[in-house]
Amino acid sequence: MSVSRSLSSCVLAACMSACATSAQVALEAHPVSVQRPAREPGCAFEVFEEREPPRPYAELGTLAVTGNEYLGAQGRKALLQETACLMGADAVLLPRPLERKVAGGQRVREYEARFVAWTDVPARVASSDEPPPLHQRPPPTAQEGYLIIPVDPEWTGESVGTVEREVKPADGAKR
């Protein structure tokens, strides 16, 4: 084997080994059967590993989760925390992971996390403190002598909030 080929093999093995030592999360697009409002950051949720929950549920979505062999139950729950709260999930179902060895003899575990919401309790509704989406709001109106100027000159981005400034007529303009 040539020196350059040997060196490239070592670099590849080091890269794969480095990837295997840290927990990783990757998102795959899957159809969503139910939509729920997001919950507060750090919300409480249950994790069911390799078993079905004892309650009826509806699936909110799935997420591919990859971690190493040292990532325990608490580590998996911490990885899923932010996504579970953003999806409004009551629980996460983790089936038996697919396990494979990588360079250096370490094991990588791949999970297909399923986020679910209980159907035997009333669904949470979005908090009324949040303003409705822009497309549901009435167009803004200005008081006499004021103009409404969008924040984004192209008006392509979502703009929340308003700023009012008085517009003084130019000299010689009709009053």
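This briefing looks at ring contacts and nonpolar cores in the structure above. Keep in mind that the model is predicted. It holds 1 aromatic pair, and its largest nonpolar core has 13 residues.

**The aromatic pair**

- A pair of aromatic rings is described by how far apart the centres are and by the angle between the planes.
- Here the partners are F48 and W118, with ring centres 6.1 Å apart and planes at 80°, so the pair is edge-to-face.
- F48 belongs to strand β2 (residues 46-49) and W118 to strand β6 (residues 107-118), so the pair ties together parts that are 70 residues apart in sequence.
- Are these two residues buried or exposed? Both F48 and W118 are buried.

**A lysine over a ring**

- Take a look at F45 too: K77 lies over the face of this ring, at 5.0 Å from the ring centre.

**The largest nonpolar core**

- In soluble globular proteins, nonpolar side chains tend to be buried together.
- Among the 13 residues of the largest core, those touching the most other members are V65, L80, A84, V92, L94, A113 and F115.
- At least two residues of this core come from each of β3 (57-68), α2 (73-87), β4 (91-94) and β6.
- Which element gives the most to this core? Strand β6 does, with 4 residues.
- Setting aside neighbours within four places in sequence, A113 is in contact with G61, T62, L63, V65, L80, V92, L93 and L94.

**A separate core**

Terms used
Residues numbered from 1 in each chain as written. Heavy atoms only, no water. Phe/Tyr/Trp six-rings, centres within 6.5 Å; stacked < 30°, edge-to-face > 60°. Buried < 20%, exposed > 50% of the residue type's maximum accessible area, 1.4 Å probe, protein only. Lys NZ or Arg CZ within 6 Å of the ring centre and 35° of its normal. Core = buried A, V, L, I, M, F, W, Y, C linked by side-chain atoms within 4.5 Å. Contact = heavy atoms within 4.5 Å.
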